[in-house]
Amino acid sequence: MARLPAWIDPLDEPLAVAAAGLLLVAVVRLGWLALGPGLLLGLGAALLLAALGRSLRRRPSQGQRLHDRRVEAGIDAALLRASELAAQAETLRLQAIERFTATVQLEGLGRVQLCCERLAALPQRLESRRPLLQSGGGVLLSTDDLSLRLRSEQQALTRDADGPLRQERRRLVDQLSRNLSAAHQGMDEREARLLALATRLEAIDGGCNSFSARSIASGTPRKRAARP
C-alpha cells in the first residue's frame, strides 16, 4: 500500500510564514481579492514556500557535493590500489612456488599462498564494502571516546606483552592513534575510514616488497671469495 506524503507544516518554515504574511497583507490592503480567497492564497503560498525551503535544505551544498566527489575518488583510488596489490600477490605466489622447493619450506609456501589468495580477493571485498566506505559523512569523530579507548588498549597491550593477540592489539592501537589524530584535524568518520584503508594498503605493499626482496636474495647464488 502506497504511503501518503507527509503533511508539511508551514509553521516550521519562518521564511515561508513571513513571506505568506506579507503576501496576505498586500492582498488585503490593496483589495486585490476578498478576505476569504486572500486567506487561501496566503496559505497556499506558505505551503509552497515551505515545500521549496525544505527541498533546498535537503539538497547538498556545492561544498558538500565537491567533498562527496573527493570521497568517491578516494574509494576508486583504493580499489585501483587493491587491484595492483592483487596482481603483485600473484607474482609473489609464482615466485614462492619456484623458490620454495625444499620439503622444510612447504609450510612457509602454504602460508604465502594463503596470503596471496586473500590479497587476490581484496578488490572484490572492498567493492562489496563501498556502502560502508560511503557512510559516515558529516559525523565527526569523538576525541574523548577515542582517547579513552586508546588508553585502555595501550594498557592492555602492556599487560599482554607476550600474548598471542599482541600483534592484533598493536595494530588496533596504531589505528586508534591515527583516528585520534584525524579527529583532532576535524575529519569525519568517512574520511578517517578512507585514511585507515589507504594506510593499510600501503603497509601491505611494503610487506609484499619486503618479501619479494628476501625471496630474490635467497635465490641468488653467493659468489665464492677469490683465493689469495
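## Surface and overall fold

In this predicted model, the protein chain has an accessible surface of about 16100 Å², and carbon and sulfur atoms account for 59% of that surface. The chain comprises 228 residues, of which 28% are buried.

The secondary structure consists of nine helices and zero strands, and the order along the sequence is accordingly written α-α-α-α-α-α-α-α-α. Among contacts between residues at least 6 apart in sequence, 72% join residues at least 24 apart.

## Helix H7

The 17 residues of helix H7 should span 24 Å at 1.5 Å a residue, and this agrees with the separation of the end C-alpha atoms of H7, which is 24 Å. The buried residues in H7 are Leu146, Ser147, Leu150, Glu153, Ala156 and Leu157. An α-helix has 3.6 residues a turn, so residues three or four places apart point the same way. The buried residues of H7 pack against H8.

## Glutamate 153

Glutamate 153 lies in helix H7. Is this residue buried or exposed? Its relative accessibility is 15%, and because buried means under 20%, glutamate 153 counts as buried.

Leaving aside residues up to four places away in sequence, glutamate 153 is in contact with Arg169, Leu172, Val173 and Leu176. Helix H8 covers residues 166-184, and the buried residues of H7, packed against H8, include Glu153.

## The largest pocket

The largest pocket has a volume of about 1400 Å³. Its lining comprises 38 residues, and those closest to the centre of the pocket are Leu122, Arg171, Arg200, Leu201 and Ile204. Two or more lining residues come from each of the helices H4 (106-120), H5 (122-128), H6 (130-134), H7 (143-159), H8 (166-184) and H9 (189-219).

Which helix gives the most to this lining? Helix H9 does, with 14 residues. By residue class, the lining of the largest pocket divides into 22 nonpolar, 12 charged and four polar residues.

## Summary

The predicted model is a chain of nine helices without strands.

Notes. Residues are numbered from 1 along each chain as its sequence is written. This is a predicted model: local features need pLDDT of at least 70, side-chain atom pairs count only at pLDDT 80 or more; totals for chains, interfaces and linings use all residues. Side-chain values use heavy atoms; hydrogens and water are left out. On a 1 Å grid over the protein atoms alone, a cavity is a set of points where a 1.4 Å probe fits but cannot get out, and a pocket is an open set with protein on both sides within 12 Å along at least five of seven lines; lining residues have an atom within 4 Å of a point. Grid points are joined across faces, edges and corners, and a volume is the space filled by probe spheres set on the points. Helices (H or I, at least four residues) and strands (E, at least two) are DSSP runs, numbered from the N terminus. Ala, Val, Leu, Ile, Met, Phe, Trp, Tyr, Cys and Pro count as nonpolar, Asp, Glu, Lys and Arg as charged, and the others, Gly among them, as polar. Buried means under 20% relative accessible area, exposed over 50%, partly exposed in between (1.4 Å probe, protein chains only). Contact means heavy atoms within 4.5 Å. Accessible areas come from the Shrake-Rupley method with a 1.4 Å probe; for residues, only the protein chains shown count as cover. The expected span of a helix is 1.5 Å times one less than its number of residues.
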